Amino acid sequence: MKKILIIDDDQVFQKTMTAKLELLTYETASAVDGEEGLSKVVSERPDLILLDIKMPKLDGIGFLKKLRENTNAPKIPILITSNLSSIDRISEGVALGVRGYIIKSDETLDTIVKQIEDILKK
Amino acid sequence: MLSITIISVLLAVGGIAASIYFIIRDRQAKEILIKREQDVSRRMYELAILKELGDRIGYSLDVQQIIDIIINSLHQFIDYSAVSYMLLGPEKLIFKMHLERSVHQRFVNDIRDRMLGSLSALLDREFNKKDVKEIISGAIIIEELDEPVRSFFNIPLVIDEKVVGVLTVADTKVGLYKEEEMTILYKIIQQASKAVTSLQGVVKTEQAKVNAMVESMADGVVMTDIDYRIMVINPSARAIIGLPKKEDITIFDFIDNLEGKFDIRGRLEESVKLNKPFKSEEVLIKDKFYKIFVFPVNTNATVEIGGQEAVGGVVIFHDVTAERSIEQIREQFMSMIVHELRTPLSGINKISELLREGQEKIEKKDFDDYIKLINADSNSMLELVNDILDIAKLEAGKFEVKKEPKDLRNIIDNRIEFFKTSALDAKLSLDVVYSTTLPKAVLIDEAGIKQVMNNLISNAIKFTKRDGKVLVLVSEHKKGAKINEEFKGLPSQPIVSLPEETFANAQGSIVIAVSDTGSGINQSDIKELFSKFKQLNNKSETGIKGTGLGLAIAKGIVEGHGGTIGVVSEIGVGSVFFFMLPLG
């Protein structure tokens, strides 16, 4: 059974995405900021991470940088899920080797699940 | 010889004079007339020379060119074998001789030596023959014609009180030049030099004006000639390439310091070759953004019959850093608004997706949570939309303040009541104190003041840690009184004293302060707090986010009442937001 870690301070997205994934028998874990995300990566060992950008304490870009600095960290595919549309943020994220960037408001829970499945199949 | 020339000139140019000459046959009268005509024709010649100077050289002040013009027409007036000039060039002495009639080489050498001698005497300087660049034009040198210089006179060329050379007229015939001829030539030269001197004065003044302008320009200005030698560079341009003190800046200093971000040489070449101006995109040079303009520089079209001639190019560096940062702030603001709108919308969207999918799969507790979340999301969207509308109204100057006499105490008590629950949830105290002298009714816009209070109290709650204190203070301010003294009459005090200078010239007013024991605000952030495009990067204790529009709106409302809003803060102690509403 695959485990998805959702790092997002958006309470509604956390709750609905978790519910959807659990209905599809995925395991889930959650973190509300980058710092908590970093510790959950280690403790939860997820198969994929959904990562928000705009978060308190440590934002998504900071999380990615810290994660890449740590060479012992497991190589986990990351899908950025944000409501930002700033192009520099995207390119910065891509430069750090994320698997995709989706704007939450442009997707349904179903289409997000579809992209998660595509990444996990590879 | 001279008189024949004069008469021929006279005949040619002075039709009136000629007719008079034939009408009056009296010999004496004729002599007087000839004398007068000589004067007239000389004056005409002088004028013609000056006019030609003006027409042909315009503002070009090449002395050599001017002398050339004079000697080219001189033979109409004075008889000579050769006319020559010797000028101080930048490196060499220029010796130019125009031969009307063929002469022997010795004649040429003799003139040259005599001129060298008189120039040495005039300037009190030794000159060597090697320093002379010789140009001979006109008739050819013939060795058989061994005739020496028999008539000769020198006129110094003086421009702006400085000797720049000598002009010589010489002939192989004896006793040719008398005082009259010399006077004529001397006068012509004097007039020309006067004209050039005053022209030079005009040009110098203009140049000084242009220089002063270029020097003081905020934009970097560099002018080069066609070989990319730098002719003009202003302090701004030096600063851009980081060489404010270096002497003799070359194009290579630019090439090195522009770090390949702008091909200055290539652009100059292109611009000059195509005779077309060039404008760059934004270029980042040493932390600043510039738009760079390149213009070709041409000579005035009237100088050469062949049209304009390229003499170089000008490069202007226009600093757009400030404009760019405003643009960036605007972009950030838009991106923030988009993010804040998308988040609740997307939330509602996802919840409805789940609910539609199958209510039977959702537990009762989750279902209730979803309904609460939809409610919260739609509220936050509503709030944001209202904020945006308020900001738009403020921007358009359409924010209306409808003032009516209201009991301020009632309004504030109502707001305290409203926020009691959230203060309790955040484990904070929320209290209000009033001075006893408050007027019963104050002219205010009730909805507006409620909005200001909502904003200030909710911010105070958001940014204060548990067990902290939020206190609202309301007092009357009398004109000329010290505000902190007035506040001392209240049962509690604000956490930080109010700035007296803000109230020093204020008229009688009501002052409302919201004091909190939050973490305080950096001095550098304070001035941006009330600006609509700057959201403080400071996250609230509870992690609550906001658009940061509230304070900009509050400012608009308070100013709509003719009042002012402000803040005092101390890091680690707390902040006091205050506003005053003028009475009457």
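B:Leu87 stands opposite B:Gly165, a residue of strand 5 of chain B. Strand 5 covers residues 162-171 of chain B and runs antiparallel to strand 1 of chain B, with six bridges joining the two. Two strands are said to pair if DSSP finds at least two bridges between them. The strands themselves, like the helices, are DSSP runs numbered from the N terminus (helices: H or I, at least four residues; strands: E, at least two).

Before going on, a word on what you are looking at: this is a predicted model, in which local features need pLDDT of at least 70 and side-chain atom pairs count only at pLDDT 80 or more, while totals for chains, interfaces and linings use all residues. Residues are numbered from 1 along each chain as its sequence is written, chains are lettered from A and ligands numbered from 1 in the order in which they are written, and side-chain values use heavy atoms, with hydrogens and water left out.

Strand 1 of chain B has another partner, strand 2 (residues 93-99) of chain B, and seven bridges join this antiparallel pair. If you look for B:Ala82, you will find that its bridge partner in strand 2 of chain B is B:Leu99. Is strand 1 of chain B enclosed or open? Six of the seven residues in this strand (82-88) are buried, so the rest of the structure largely encloses it. Here buried means under 20% relative accessible area, exposed over 50%, and partly exposed in between (1.4 Å probe, protein chains only).

Now move along chain B to strand 15, residues 509-516, where eight of eight residues are buried. B:Ser509, B:Val511, B:Ala513 and B:Ser515 point one way from this strand, while B:Ile510, B:Ile512, B:Val514 and B:Asp516 point the other way. Strand 15 of chain B pairs with strand 14 of chain B in the antiparallel sense over eight bridges, and B:Ser509 is the bridge partner of B:His477. Strand 17 (residues 574-582) of chain B also pairs with strand 15 in the antiparallel sense, over eight bridges; there, B:Phe578 is the partner of B:Ala513.

B:Thr464 counts as buried because its relative accessibility is 4%. A polar atom of its side chain lies 2.6 Å from the backbone oxygen of B:Ala460.

Finally, see where the two chains meet. Contact (heavy atoms within 4.5 Å) links 23 residues of chain B with 24 residues of chain A. The size of an interface is often given as the accessible area lost when the parts come together. Chain B and chain A bury about 2100 Å² between them, 59% of it on carbon and sulfur atoms; this buried area is the accessible area (1.4 Å probe) lost on putting the two parts together, summed over both. B:His339, B:Arg342 and B:Lys350 supply 30% of the area that chain B buries against chain A, more than any other three residues.

Three salt bridges are counted between the chains, each a side-chain nitrogen of Lys or Arg within 4 Å of a carboxyl oxygen of Asp or Glu. One of them joins A:Lys15 to B:Asp366, with the closest N and O atoms 3.3 Å apart.

Terms used:
Polar contact = N/O pair within 3.5 Å; in protein donor to acceptor, adjacent residues only side chain to side chain.
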